[in-house]
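Let's take a friendly walk through this model together.

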Amino acid sequence: MRIPGWDEDKLLECRNLTKTFGALRAVDDVSFALWKGEILGIIGPNGAGKTTLFNLITGELKPDKGRVLYRDRDLTALPPFRIVRAGIAKTSQILEPLKSLTVLENVLVAATHGGGLGLKKGRDRAWTVLERVHLTSAAFLPPSSLSVLHRRRLELARALATGARLLLLDENMAGLSASEVAETLDLLRTLNASGVSFILVEHVMQAVTGVCQRLVVLDLGKKITDGVPQDVMAHPKVLEAYLGDADLTDGKDPDAPSGGIS
């Protein structure tokens, strides 16, 4: 589905993606598209296949069937570092910054190794990104000194520093208070207005309804519907499979870090 009047440029297309782990079909023939400038939400209960889907897009997993196209280029067989260079970066729900480096150095590594920049240009980009996410005051501090909010921002900064124009945010608002979620949503809107597109995997309903222009719903690996939020939230299968799970309406993070497939 595409919302009429939006940019006609198709940025990402996933065609019939399927991934099995033994007898478990974690992603089952899932297809959807993302248009340039869109903020798309991927929602569903724990175990629906959301994180597995992200890992198929970024090359961390290879599909048993299906294709991933970005700007009409087939990325399916590429390794993760080449997919980053092509323009797609992902944040992780489990925060793992380089603990021996400062905040600035963490972002610099992303700019040089992820973005392919030299040291000088990489440092310039890293500083610019820290300004964009409001972390310059923490630039020379160790990541361990940061609050959860600022560690989430560091994760976002590292993805931005690669130069990617499509960011996949995996539970980027987990553990944040309602006011911190509102701050983060404002930041995402600002970044989106500058030309960055987003796909969010998120259980915080304030985020899902507050920033996503369209939703794709997964359950047991299958796509059960997609569309604008108000229509999706009223869909009978969504109410049954997703909103009926109490854990998904209170801002908690049932996927992390259980070690299971999500």
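In this predicted model, the crossing of helix 3 and helix 4 is right-handed. Helix 3 covers residues 103-114 and helix 4 covers residues 119-132, and their axes lie 8 Å apart at an angle of about 120 degrees. Angles of 65 to 115 degrees would count as roughly perpendicular, and the two helices are therefore classed as oblique to each other. On the helix 3 side, the contact is made by V103, L104, V107, L108, A111 and T112. Helix 4 answers with L119, G122, R123, R125, A126, W127, V129 and L130.

A second pair to look at is helix 5 and helix 6. Helix 6 spans residues 178-193, and its axis is 11 Å from that of helix 5, at an angle of about 15 degrees. Angles under 35 degrees count as roughly parallel, so that is the description for helix 5 and helix 6. Helix 5 also passes helix 6 in a right-handed crossing. Here L149, R153, L156 and L160 of helix 5 meet E180, E183, T184, L187, L188 and L191 of helix 6.

The two pairs are set out below.

| Helix pair | Angle | Axis distance |
|---|---|---|
| Helix 3 and helix 4 | about 120 degrees | 8 Å |
| Helix 5 and helix 6 | about 15 degrees | 11 Å |

Now to the interior. In soluble globular proteins, nonpolar side chains tend to be buried together. The largest nonpolar core here has 48 residues, and the members touching the most others are L156, L167, M173, F198 and L200. Helix 5, residues 148-161, gives this core its largest share, with 7 residues. Apart from this core lies another, of 27 residues, including L75, I83, I88 and L168.

What does L200 touch, leaving aside residues up to four places away in sequence? Its partners are I39, L40, G41, I42, F54, L169, M173, L188, V211 and C212.

Stepping back, the protein has 9 helices and 10 strands. Of its 262 residues, 51% count as buried. Among contacts with a separation of 6 or more, 66% join residues 24 or more positions apart.

Finally, a word on confidence. The average pLDDT is 88, and 89% of the residues score at least 70. Over residues 1-7, pLDDT stays under 50, and the model has 14 contacts beyond four places in sequence for this stretch. Residues 246-262 also stay under 50, with 40 such contacts in the model.

Technical notes
Residues are numbered from 1 along each chain as its sequence is written. This is a predicted model: local features need pLDDT of at least 70, side-chain atom pairs count only at pLDDT 80 or more; totals for chains, interfaces and linings use all residues. Side-chain values use heavy atoms; hydrogens and water are left out. pLDDT is the predictor's confidence in each residue, from 0 to 100. Contact means heavy atoms within 4.5 Å. A nonpolar core is a set of buried Ala, Val, Leu, Ile, Met, Phe, Trp, Tyr and Cys residues joined through side-chain atoms within 4.5 Å. Buried means under 20% relative accessible area, exposed over 50%, partly exposed in between (1.4 Å probe, protein chains only). Helices (H or I, at least four residues) and strands (E, at least two) are DSSP runs, numbered from the N terminus. Axes are lines fitted to C-alpha atoms, for helices over the stretch in contact, and angles run from 0 to 180 degrees between N-to-C directions. Angles under 35 degrees count as roughly parallel, over 145 as roughly antiparallel, 65 to 115 as roughly perpendicular and the rest as oblique. A crossing is left-handed if the near helix is turned anticlockwise from the far one by less than a right angle, and right-handed if clockwise.
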